[in-house]
Amino acid sequence: MPKNALVIGGGIGGLAAAVGLRRIGWTATVLERRPELGEVGAGMSQSPNALRALAELGVADEARAAGVPFHGVFNLRTPSGGHIVRALPGTTSPLLGFHRADLHRVLMDAVPAEWVRTGAQVTAVRQGADEVTVSCGAQEWTADLVVAADGVRSTVRHLLWPEAPGPRFWGNTVWRGIAHADGIDAGMTLGRGQYFLAMPVGRGRVYWALGARADRPAVRYDDELAEVRRRVHRWHDPIPRLLDATAPEAVLHHDITDLDPLSGYVRGRVVLLGDAAHAMHPDMAQGAAQALEDAVVLAAALAETADDVPAALARYDGQRRPRTQTIVEQARAKGLESTSGNAVSYHLRTLALRMVPSSRWPALAARALAPVWDWTPPRLSR
Ligand SMILES: Cc1cc2nc3c(=O)[nH]c(=O)nc-3n(C[C@H](O)[C@H](O)[C@H](O)COP(=O)(O)OP(=O)(O)OC[C@H]3O[C@@H](n4cnc5c(N)ncnc54)[C@H](O)[C@@H]3O)c2cc1C
């Protein structure tokens, strides 16, 4: 009999976990509280480590077909439009930009439809010696393992790690949208206290994001797009054009939170994965990337230790906790720097960036990010 897992959450992390389990011959049931699987209308970039994880999950070609090369980090501008760093003709990028729904679909297509239960909100978890049971209201499922990929506000973390503090707000907020526009170059505009990102994600769609400092969380505006326009008033083209090409009702506004380090990602036969374990600031573009890595490492550990699930989970915890918690810390520091309103630090930062010739920028960025980008996945065998 193949081993069986319950995966809680059908986001990128949960689906990647299910794909990994399938690759090693397990079966799984994905329990998603929403009535349908899907992702929000926004974008994301994926770095070489994430693309290697996707390859190990067996969806490299599909992911490459869904993504668009993303040069944004090599095209930095000031709000008036001056280039701090310019992507020179012929610059190749190791990053791919995705509409979130497209990447999510790549994973969804690799999970058997009969594995997925939507409208299934997990409310309780009960551990036995050799099995674990989860409840969704009156319905129960029992399995060898539970993978909790239920996001930053994880119910499972709340139930089994009651001592762990909840998500922490450090003062960053972000607006996101999808504009329908052609001929837009990827780029990032660095203002004082806020930044604007533009990322083509294919089929005439451009993902944009405005990250900014907020004194307190949960401040919302009747017209979020109007607030974005107000904040980037007179910023260079194509920013006004992108905002004009965005449906106001589709603008997303979220506060950024991250998690303090947990002392372990495993309790009995329950393991945390993705944002449930290590939600982070988006400024290193590693949240989903780390969830993809988690999925591959978990599957490899389970494959290697055969019947010994607790030993596999201990191995997963040992490999994933130090790496992900370091990245959470780095992403927080970068996030707070990118929205710092301090004039001196803003000028010093842009000055330092300007000192690097554009031609050397891709190699320098790759070197600086090597500890994150150079990750090599364990091999998954069927
Ligand atoms: C502004 C922004 C930009 C970002 N940019 C990038 C980027 O460029 N690159 C990158 O790699 N990452 C990026 N990220 C991070 C990335 O979005 C997340 O890390 C990733 O989506 C987490 O996936 P997940 O599956 O762990 O969690 P989620 O996507 O939150 O999925 C959790 C799922 O669990 C379900 N669920 C919750 N509770 C229950 C329950 N009790 N029972 C059943 N189901 C439940 C939810 O409905 C949801 O579908 C960004 C994040 C933000 C906010």
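Let me start at the ligand: a polar side-chain atom of Thr-155 lies 3.3 Å from one of its nitrogen atoms, a polar contact being a pair of N or O atoms within 3.5 Å. The protein covers 90% of the 1,000 Å² of accessible area that the ligand has on its own, with areas taken from the Shrake-Rupley method and a 1.4 Å probe.

Before I go on, this is a predicted model, where local features need pLDDT of at least 70, side-chain atom pairs count only at pLDDT 80 or more, and totals for chains, interfaces and linings use all residues. Residues are numbered from 1 along each chain as its sequence is written, and side-chain values use heavy atoms, with hydrogens and water left out.

Which residues come nearest to the ligand? Of the 33 around it, they are Gly-13, Glu-32, Ser-45, Arg-100 and Asp-275; "around" means having a heavy atom within 4 Å.

Take Ser-45. One of its backbone N or O atoms lies 2.9 Å from an oxygen atom of the ligand. Ser-45 also stands opposite Gly-97 in strand 7. Strands here are DSSP runs of E, at least two residues long, numbered from the N terminus.

Three strands form an open sheet in the order 3-7-4, with antiparallel pairing; two strands pair if DSSP finds at least two bridges between them. Strand 3 (43–46) and strand 4 (68–69) are at the edges with a single partner strand each, so one side of each has no neighbour in the sheet. Strand 3 and strand 7 (residues 96–99) pair over four bridges.

Notes: A polar contact is a pair of N or O atoms within 3.5 Å; within protein, one must be able to donate a hydrogen and the other to accept it, and residues adjacent in sequence count only if both atoms are side-chain atoms.
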